[in-house]
Amino acid sequence: MTETTNSSPNQICPVNSYNEWDKLEEVIVGRLEGATIPSYHVSVTHNIPKTTAKLYRFFAGRRYPNFLVQRAQKELDEFIHILKSEGIIVRRPEITNFSARYQSPNWKSKGFCSACPRDGFLVIGNEIIETPMSWRSRYFEIYAYRSLFKEYFRQGAKWTSAPKPQLLDSLYDYNFTAPKKDEPIRYVINEFEPVFDAADFVRCGQDIFALKSNVTNSLGITWLQRHLGEKYKIHEIETECRTPMHIDTTFMPLAPGKVLVNPEYINISKLPKILKSWDILIAPEPDPIPGFVVSMCSKWISLNVLMLDEKRVIVEKSQESMIQALKNWGFEPIKCSFLNFAPFGGSFHCATLDIRRKGELQSYF
């Protein structure tokens with residue numbers, strides 16, 4: 001059955017985003033309602049801090065405790081208020097029950113949450129690409145966004161889905177142990193089929209930077225390059241992180257000619273040569289957080305900022321060193337508390353999906 005688009009030739013497509021810094025006009029912000037601790041699986045436990053992994057293994061498949069949700073929701077509301085006060089249209093996914101169990105012919109799982117739309121979708125120009133995520137607990141996460149994407153499609157957006165992965169046991173290394181500093185890097189996933197998270201890619205117009213990780217394999221990067229065609233070039237970033245997952249705590253373009261890098265994960269001499277003309281901004285050591293914090297993220301979540309334009313940037317309120325560094329580099333930080341969002345998978349960049357930024361496709365190199 002074919003569904004009509006209801007679009008007109010003169011209608012302006014609401015989806016338009018080519019980079020991480022053009023003026024943000026419309027954004028999807030994730031939800032916490034229905035959040036469920038992801039089902040226990042090797043792909044999960046080796047991608048989050050060890051202390052959190054132990055807790056999540058014990059509580060796997062249960063709803064997140066109310067006190068965690070309430071604290072994070074308060075900060076999420078503050079974040080949304082800031083976005084709206086800056087004139088940005090904020091859209092939200094549908095409330096979903098992620099504690100429902102589902103199965104394929106080969107495995108069973110419960111869901112996770114819709115807190116981080118950056119992981120499951122990649123916007124390139126006027127196209128929304130659904131990504132083939134490798135966590136079984138995220139297999140149906142995309143359904144929370146379907147009503148929004150149907151709306152965008154009717155208004156002229158392209159809407160694509162990468163090949164739905166099987167996620168068979170053959171994809172995973174069930175004997176995986178994280179490599180030590182002096183050992184070659186190895187991954188929880190192999191090249192059984194193309195898988196990738198959108199959060200392992202950042203956009204700089206015609207050039208896109210990618211990270212091979214424990215959720216993104218080489219086949220996934222190859223699929224995206226072939227799909228985008230010759231108009232775009234994907235450059236792979238080499239990381240020294242022993243458990244890599246998501247580029248936006250490692251390598252974050254902030255404006256034309258300026259990129260923020262994690263000095264613990266990045267060897268600047270090994271960056272792609274195309275970046276030689278850019279200013280490489282070295283992130284300061286994250287300020288320590290007092291007390292015990294449940295988090296799915298590393299301390300370098302401090303890099304997970306959101307650019308509202310080439311100057312204004314939303315940054316974690318507690319990270320005074322990062323705030324000062326951004327000021328020194330000519331940016332205008334907007335402080336927001338967001339530490340309590342970390343148990344759900346990320347920070348400002350993770351919690352959002354750019355739908356429209358005011359700009360056109362161009363080369364910055």
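Searching the whole structure turns up 4 cavities of 30 Å³ or more. What counts as a cavity here? On a 1 Å grid over the protein atoms alone, it is a set of points where a 1.4 Å probe fits but cannot get out, and a lining residue has an atom within 4 Å of a point. Grid points are joined across faces, edges and corners, and the volume is the space filled by probe spheres set on the points. The idea behind it is simple: rolling a probe the size of a water molecule over the atoms shows where empty space is left.

Before going further, a word on what you're looking at. This is a predicted model, where local features need pLDDT of at least 70, side-chain atom pairs count only at pLDDT 80 or more, and totals for chains, interfaces and linings use all residues. Residues are numbered from 1 along each chain as its sequence is written, and side-chain values use heavy atoms, with hydrogens and water left out. The pLDDT score is the predictor's confidence in each residue, from 0 to 100. For this chain the mean is 94, and 97% of the residues reach 70 or more. Residues 1-5 are another story: pLDDT stays under 50 there, and the model has 6 contacts beyond four places in sequence for them. (Contact means heavy atoms within 4.5 Å.) Where pLDDT is low, the predicted coordinates should not be read in detail.

The largest cavity has a volume of about 70 Å³. Its lining includes Glu20, Arg118, Phe121, Leu122, Val123, His349 and Asp354. Strands E5 (121-124), E8 (201-204) and E17 (352-358) are the elements that give two or more residues to this lining. Those labels come from DSSP runs, numbered from the N terminus: helices (H or I) have at least four residues and strands (E) at least two. Which strand gives the most? That's E5, with 3 residues. Sorted by type, the lining has 6 nonpolar, 1 polar and 4 charged residues. In this sorting, Ala, Val, Leu, Ile, Met, Phe, Trp, Tyr, Cys and Pro count as nonpolar, Asp, Glu, Lys and Arg as charged, and the others, Gly among them, as polar.

Zoom in on Leu122, one of the residues lining that cavity and part of strand E5. Is Leu122 buried or exposed? It is buried, with a relative accessible area of 5%. (Buried means under 20% relative accessible area, exposed over 50%, and partly exposed in between, using a 1.4 Å probe and protein chains only.) Leu122 and Asp354 are 232 residues apart in sequence, yet their C-alpha atoms are 8.8 Å apart in space. Leaving aside neighbours within four places in sequence, the contacts of Leu122 include Ile128, Ala198, Phe201 and Leu224.

The second largest cavity holds about 60 Å³ of space. Among the residues lining it are Thr131, Met133, Arg138, Tyr139 and Lys164. This lining divides into 5 nonpolar, 1 polar and 2 charged residues.

Now for the cysteines. How many disulfides does the structure hold? The count is 0, where a disulfide is a pair of cysteine sulfur atoms within 2.5 Å. Take Cys113: the nearest cysteine sulfur, that of Cys116, is 6.1 Å away. Cys113 is also buried, with a relative accessible area of 1%. As for Cys241, its sulfur is 12 Å from the closest cysteine sulfur, in Cys297, so that is too far for a bond. Cys241 is buried too, at 8%.

Ser114 counts as buried at 1% relative accessibility. Beyond four places in sequence, its contacts include Gly30, Phe98, Glu141 and Tyr145.

Finally, look at some backbone angles. Most residues other than glycine have a negative phi, and most peptide bonds are trans. Leu167, though not a glycine, has a positive phi of about 55°. Leu167 sits in the loop between strand E7 (158-161) and E8, buried at 0%. His246, also not a glycine, has a positive phi of about 80°. His246 is in the loop between strand E10 (233-236) and E11, and at 7% relative accessibility it counts as buried.

Conventions:
On a 1 Å grid over the protein atoms alone, a cavity is a set of points where a 1.4 Å probe fits but cannot get out, and a pocket is an open set with protein on both sides within 12 Å along at least five of seven lines; lining residues have an atom within 4 Å of a point.
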